[in-house]
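Hello,

Please find the structure below. My notes follow it.

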Amino acid sequence: RRSRISPRRTNRRSTLHLSGGTGFGTNNGFNNSAIVVNAGNSTIKSNNATFIALPAISGSGNLIIASDDDNLRVDLAGAANSFSGSVTFRPEGELSTGMTVRIAGAANDLPNAAVTLENGAGIANRSGSSFVVGIELGALSGDSTTNLTPFSGGGSSPGTNWIIGNRNMNTEFAGVIQNGGGGGAISHVTKVGTGTLILSGANTY
């Protein structure tokens with residue numbers, strides 16, 4: 001059974017609990033202070049929007065961020081360090097041609113999550129700084145249409161160090177790890193953990 005909840009009508013300080021099988025629509029963001037992803041598959045889907053901001057995320061369930069919108073920007077605006085489930089970023093629908101997920105460095109990264117990118121989705125660092133920013137992803141999977149970009153935000157950055165593998169999983173990323181995005185930003189990759197990460201895309205970094 002699908003439920004549609006408008007985040008504007010929820011208590012700004014409340015925590016939104018997601019339990020499998022429920023879809024949520026949002027136009028630009030959440031007034032909730034946090035999202036807890038419980039067991040099962042939960043979907044947050046954006047329609048008719050150009051931007052959504054997600055609050056702090058925790059839990060161990062499976063979360064899907066989906067959109068029918070063209071080039072939706074998704075900002076992880078709250079801490080997600082403790083989230084230990086899986087998260088899939090998935091543009092879908094005839095009008096949806098991409099999705100940029102922006103992470104503000106270590107404050108919002110996903111060191112304990114299994115991250116999957118699909119259908120033109122990409123992850124970018126949005127933290128402008130004078131030094132290379134480290135962003136951790138517990139595991140990374142993606143098809144050939146996806147990407148990692150070292151900077152997408154105001155100002156400039158020398159680059160991002162993508163630290164991948166803390167979940168000790170075997171995964172394949174067929175997308176492109178690239179440079180660019182402002183100030184001559186460069187991507188670096190550090191593989192951690194005991195799992196195998198296969199990079200099968202035409203990486204340009």
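Strand β13 and strand β15 (residues 159-164) pair in the parallel sense over five bridges. Strands here are DSSP E runs of at least two residues, numbered from the N terminus; two of them pair if DSSP finds at least two bridges between them. Leu137 has Ile164 in β15 as its bridge partner. β13 also pairs with strand β11 (residues 110-117), again parallel and over five bridges. Seven of the 10 residues of β13 (residues 133-142) are buried, so the strand is largely enclosed by the rest of the structure. Buried means under 20% relative accessible area, exposed over 50%, and partly exposed in between (1.4 Å probe, protein chains only).

A caution on the source: this is a predicted model, where local features need pLDDT of at least 70, side-chain atom pairs count only at pLDDT 80 or more, and totals for chains, interfaces and linings use all residues. Residues are numbered from 1 along each chain as its sequence is written, and side-chain values use heavy atoms, without hydrogens and water.

Now the charges. The structure holds six salt bridges (a side-chain nitrogen of Lys or Arg within 4 Å of a carboxyl oxygen of Asp or Glu). Asp75 is buried, at 5% relative accessible area. Asp75 bridges to Arg73 at 3.6 Å, N to O. Arg102 meets Asp75 at 2.8 Å between the closest N and O atoms. That pair joins strand β10 (residues 99-103) to strand β8 (residues 72-76), 27 residues apart. Arg126 is the partner of Asp75 at 4.0 Å. Here the separation is 51 residues, with Arg126 in the loop between β12 (121-125) and β13. Shared partners join Arg73, Asp75, Arg102 and Arg126 into one network.

Best regards

Methods: Helix = DSSP H or I, 4+ residues; strand = E, 2+ residues; numbered from the N terminus.
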